[in-house]
Amino acid sequence: MSAPGQLVAFVTLAFSGFACALDLSAQANPVGEFQVQEVWSTEGKEVAGGLTAIAGLVEAGDGRIWMVDLWGAAGRVLVLDPATMIATVIGQAGDGPGEVRIPAHMTVTPDGGVAVLDAGRSAIEIYEGSGAPVHRVQLQEPILGHRGFAALASGGYVVTGYLRSSGSAVHYFDPNGGLILGWSEHPVVPGAPLAGSPWRNNLERDAAMAQIATTGGWVHARPDGSFLYSQAAPHKIVHFEASSPPGNGWVERPLVSMLDLFEAPGLKTLEYTKLDDGQTSVGYDMTWPRSGAVFEMSSGYILNVVIMEQEDRSLWQVFEPLDAVGTSGAALVMEASVDRVYTPWFLCENGDVLATVTNPATGVDHAVRLRLGGIPSRGVGSR
């Protein structure tokens with residue numbers, strides 16, 4: 001496994017019907033450095049009776065911060081005024097309008113509202129930007145171990161994760177929750193049964209759970225209806241565009257391949273805890289290096305964040321996309337190694353990043369706003 005400083009990114013170039021791989025580790029221009037600094041944090045603040053495990057953050061158009069907190073194991077949706085650190089609960093546990101069971105990821109909708117992926121009922125809860133509930137979208141199939149969630153400008157939703165009935169990692173749902181298409185194979189863990197097959201023994205169950213843990217990745221919706229997808233491990237970043245004519249699926253355009261940076265851990269994602277009654281509980285060990293998020297910045301740069309919990313740090317990377325006709329790929333131009341394990345959730349309009357960080361002593365999550373400094377504007381000819 002390569003060290004972060006030995007990162008190898010590949011650009012795929014098409015010439016006269018064949019493809020070659022360009023090793024960017026030997027690129028002429030050296031990789032620069034930039035800074036990641038906290039602007040504010042909820043650490044030490046009494047927010048809505050105390051935060052526990054934050055599973056999503058977005059910034060609304062009015063500057064308020066929406067968050068999903070798995071408070072009381074059931075979860076709730078909060079809206080935070082960062083100036084006062086006062087938060088309002090707008091979606092509590094329950095089955096009524098705007099209420100949730102186990103909320104997870106959240107995203108801003110094309111019309112300025114907020115959509116919350118509710119894992120407890122396999123649904124999407126839609127809110128106005130003001131916080132008023134709009135409606136609930138019931139998904140046709142539940143996603144296990146979901147990793148990414150986005151509302152597309154072209155309509156519908158993309159959710160990444162594992163379906164028992166499918167060998168795909170990326171799933172496209174229409175605005176009413178109907179499953180339109182699934183694609184991009186999930187990593188295969190040896191010993192896992194085929195999609196849809198029952199688990200015949202504990203070994204197959206464990207392998208299937210490990211496969212669930214490593215399937216899917218971050219999704220970032222672009223204004224043109226396409227989206228970026230960052231596969232967790234083995235790590236790669238791709239750009240998916242709807243095919244032309246529509247209805248024939250999605251076209252994959254590889255941008256970055258970092259297969260040597262870290263590999264899918266397979267069964268190593270499982271940890272066993274012996275209970276008092278002699279039963280064994282199986283859970284996920286999510287400390288292996290993995291892609292945390294990928295964003296397209298307003299400048300057109302691609303921001304990629306790698307979480308390295310075992311090393312107590314996060315690696316932030318800025319890529320220059322190569323947009324020439326017939327070319328797909330991205331060049332690494334800047335990096336920042338940060339001695340905190342930040343988990344990014346949202347790229348704000350001004351370029352700040354909303355993230356979470358866990359207090360190692362208490363295990364409690366805190367929300368932070370991060371500012372990226374020292375990233376130059378792109379050169380002439382950049383879009």
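Hi everyone, let's start with the rings: a search of the whole structure turns up 11 aromatic pairs. Here, rings of Phe, Tyr and Trp (its six-membered ring) pair if their centres lie within 6.5 Å, and planes under 30 degrees apart count as stacked, over 60 as edge-to-face and the rest as tilted. One of these pairs is W183 with F227, with centres 6.3 Å apart and planes at 50°, so this pair is tilted. W183 sits in strand 16 and F227 in strand 18, so the pair ties together parts that are 44 residues apart in sequence.

Before I go on, a word on what you are looking at. This is a predicted model, in which local features need pLDDT of at least 70 and side-chain atom pairs count only at pLDDT 80 or more, while totals for chains, interfaces and linings use all residues. Residues are numbered from 1 along each chain as its sequence is written, and side-chain values use heavy atoms, with hydrogens and water left out. When I say strand, I mean a DSSP run of E with at least two residues, numbered from the N terminus.

Are they buried or exposed? Buried means under 20% relative accessible area, exposed over 50%, and partly exposed in between, with a 1.4 Å probe and protein chains only. W183 has 12% relative accessibility, so it counts as buried, and F227, at 0%, counts as buried too. Then there is Y229 with F240, a tilted aromatic pair at 6.1 Å centre to centre and 40° between the planes. This pair links Y229 in strand 18 to F240 in strand 19, 11 residues apart. Y229 and F240 are both buried. Ring pairs join Y172, W183, F227, Y229, F240 and W250 into a cluster.

Two strands pair if DSSP finds at least two bridges between them. Strand 18 (residues 227-231) and strand 19 (residues 235-242) run antiparallel and are joined by 5 bridges. F227 has F240 as its bridge partner in strand 19. How many residues lie between strand 18 and strand 19 in their hairpin? There are 3 residues between them. Strand 19 also pairs with strand 20 (residues 250-258), in the antiparallel sense, over 8 bridges. There, K236 has S257 as its bridge partner in strand 20.

Stay in strand 18 for a moment and find S230. Its relative accessibility is 0%, so S230 counts as buried. Which residue does the side chain of S230 join in a polar contact? The partner is the side chain of S291, at 2.4 Å. A polar contact is a pair of N or O atoms within 3.5 Å; within protein, one must be able to donate a hydrogen and the other to accept it, and residues adjacent in sequence count only if both atoms are side-chain atoms. Contact in general means heavy atoms within 4.5 Å. Not counting residues up to four places away in sequence, S230 touches several residues, including W218, H235 and N304.

E185 is exposed, with a relative accessible area of 68%. Leaving aside neighbours within four places in sequence, E185 is in contact with G167, A169 and Q231.

Strand 5 runs antiparallel to strand 6 (residues 65-69), and 5 bridges join them. L57 has M67 as its bridge partner in strand 6.

Two loop residues deserve a look as well. Most residues other than glycine have a negative phi. A48, though not a glycine, has a positive phi of about 50°, and A48 lies in the loop between strand 4 (35-41) and strand 5. D312 also has a positive phi, near 55°, and is found in the loop between strand 24 (302-308) and strand 25 (313-321). A48, at 23% relative accessibility, counts as partly exposed, whereas D312 is exposed at 52%.

Last stop, the inside. The largest nonpolar core has 68 residues, and W66, L303 and W316 have the most contacts inside it. Such a core is a set of buried Ala, Val, Leu, Ile, Met, Phe, Trp, Tyr and Cys residues joined through side-chain atoms within 4.5 Å.

Note on methods:
Helices (H or I, at least four residues) and strands (E, at least two) are DSSP runs, numbered from the N terminus.
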